[in-house]
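User: I'd like to learn how to read a few features off a model like this one. Can you walk me through it?

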Amino acid sequence: MKDKKYILGIESTAHTFGVGIVKNGKILANTKESYTTNHGGIVPLEAAKYHRENKDKIYFRALKEAGIEERDINAIAFSQGPGLAPCLLEGMNFVKSLAVKLKKPVIPVNHCIAHLEIGKITGSKDPVMLYVSGANTQVIAYASGKYRIFGETLDIGVGNFIDSFARLTGIGFPGGAKIEELAKKSKNYIELPYTVKGMDIALSGVLTNLKQKIEKMKLSNSHSQIDKKLLRKKGKLLISKQKTDFPLTNFKKLSSERSERDNYTLADLAFSMQEIVFAMLTEIAERALAHTGKNELLLGGGVACNSRLQEMCKIMCKERGCKYFIPPNNLLTDNGTMIAFLGEIMFKKGIKISHTQLDKLDIKPRQRTDDVDVKWR
Ligand code: ATP
Ligand code: FE2
């Protein structure tokens, strides 16, 4: 007979509804689905609705993937915060009703720390973590009973920053992977502000700068369209009809008609954005390594899927003689498995809430990494 020591993990802080199942640190299921858009960013209530409509399907798929029955679940971990309140509520309500139904305890997990703890599967033991996701950008390391934030963004998270940049170019949400592809088309560096302040970074100035550059391009593009229309009217120029809304090739083609100073394409901007912002992130990660004296760097969060960021961090680690760890992509982006993984570690130390006391349990949309007492180490 199977012993029923399976831990379920539910993730719902933002765009992803994820369900993971682990047992003794072994991953048995990692199922998830994410809310996306073709245009525009994440709408919290829409994402919550998405979770409501998809949660059962994803849950049963996870049970199937792990090859277990509902009754084999021993405890249920969930992302308590930080995150978008409507999305967190969907996850917590799902967990509460499941806990009551199965008469099993609940383990509230901090989402950011789960991103860090899942790094253990890579062999990392006491890392400095560069945690780069949508809403969060932090350099975290363990010191005196807590995961401390040694550096962070002073304004927007790097993933949200990249998604905003993507939106300006007409790409939907999330934009990170598409921007990475676009950046690969250029090697032409356009100067952008480099804003490291001590161990922190700021990104809103870089975003404003990019926005201004894109608006200039659009203006040149529409002027050029008007000029061509006039010329066509006069019968002096025979050109084929072109679309006016967001064709990259249009921008590129028109770049030669602009002054030397504005001679860049969206690919140039994507490339330059990555170079400057990832250099900023690598710098603060290196500073934290120097400051803490630790010799392991761990990457986490969706932006860590970016191969250029990985390359920069790898070079930095090599130069410092420090170890570099990165989990696979499906554990870097939001997932229920990391929640189950940390949930199991906490559960084994007796951290749990009985299914009869769930009225005390609530979400923590603004919970900070260093608010959590790390009683399981
Ligand atoms: P948080 O941990 O703050 O709740 P999140 O819910 O937004 O974050 P993640 O799934 O960790 O979640 O990260 C999503 C972000 O990662 C998005 O902003 C997305 O654009 C970005 N991203 C994904 N792939 C890439 C890539 N290849 N390059 C850059 N950014 C990427
Ligand atoms: Fe995340």
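Predicted model: local features only at pLDDT ≥ 70, side-chain atom pairs only at ≥ 80, totals over all residues.

User: Which protein atoms are the donors of the iron ion (ligand 2)?

Analyst: The iron ion (ligand 2) has NE2 of His111, NE2 of His115 and an OD atom of Asp334 as its protein donors, at 1.9 to 2.3 Å.

User: And how do I read the geometry of that site?

Analyst: Look at the angles among the donor atoms. For four donors to count as tetrahedral, all angles have to lie between 85 and 135 degrees. Around the iron ion (ligand 2), the four donor atoms give angles of 90 to 149°, and the site is irregular.

User: Are His111 and Asp334 buried or exposed?

Analyst: Buried means under 20% relative accessible area. His111 counts as buried because its relative accessibility is 3%, and Asp334, at 10%, is buried too.

User: What do the buried residues of helix 2 pack against?

Analyst: They pack against helix 1 (44-66) and several strands, including strand 1 (6-11), strand 4 (73-81) and strand 5 (106-110). Among the buried residues of helix 2 are Leu88, Met92, Phe94 and Leu98, and Glu90 is also one of them.

User: Which salt bridge does Glu90 form?

Analyst: Glu90 pairs with Arg52, and their closest N and O atoms are 2.6 Å apart. That pair links helix 2, where Glu90 sits, to Arg52 in helix 1, 38 residues apart. Glu90 is buried at 13% relative accessible area, whereas Arg52 is partly exposed at 41%.

User: How many salt bridges are there in the whole structure?

Analyst: The search finds 16. When reading such a list, look for shared partners. Glu33 meets Arg61 at 2.5 Å, N to O. Glu33 lies in strand 3 and Arg61 in helix 1, so this pair ties together parts 28 residues apart in sequence. Glu33 also bridges to Lys57, at 3.3 Å between the closest N and O atoms.

How values were computed
Residues numbered from 1 in each chain as written. Chains lettered and ligands numbered in written order. Heavy atoms only, no water. Donors = N, O, S within 2.8 Å, 3.2 Å for Na, K, Ca; no water. Tetrahedral: all angles 85-135°; square planar, octahedral: opposite > 155°, others 65-115°. Buried < 20%, exposed > 50% of the residue type's maximum accessible area, 1.4 Å probe, protein only. Helix = DSSP H or I, 4+ residues; strand = E, 2+ residues; numbered from the N terminus. Contact = heavy atoms within 4.5 Å. Salt bridge = Lys/Arg side-chain N within 4 Å of Asp/Glu carboxyl O.
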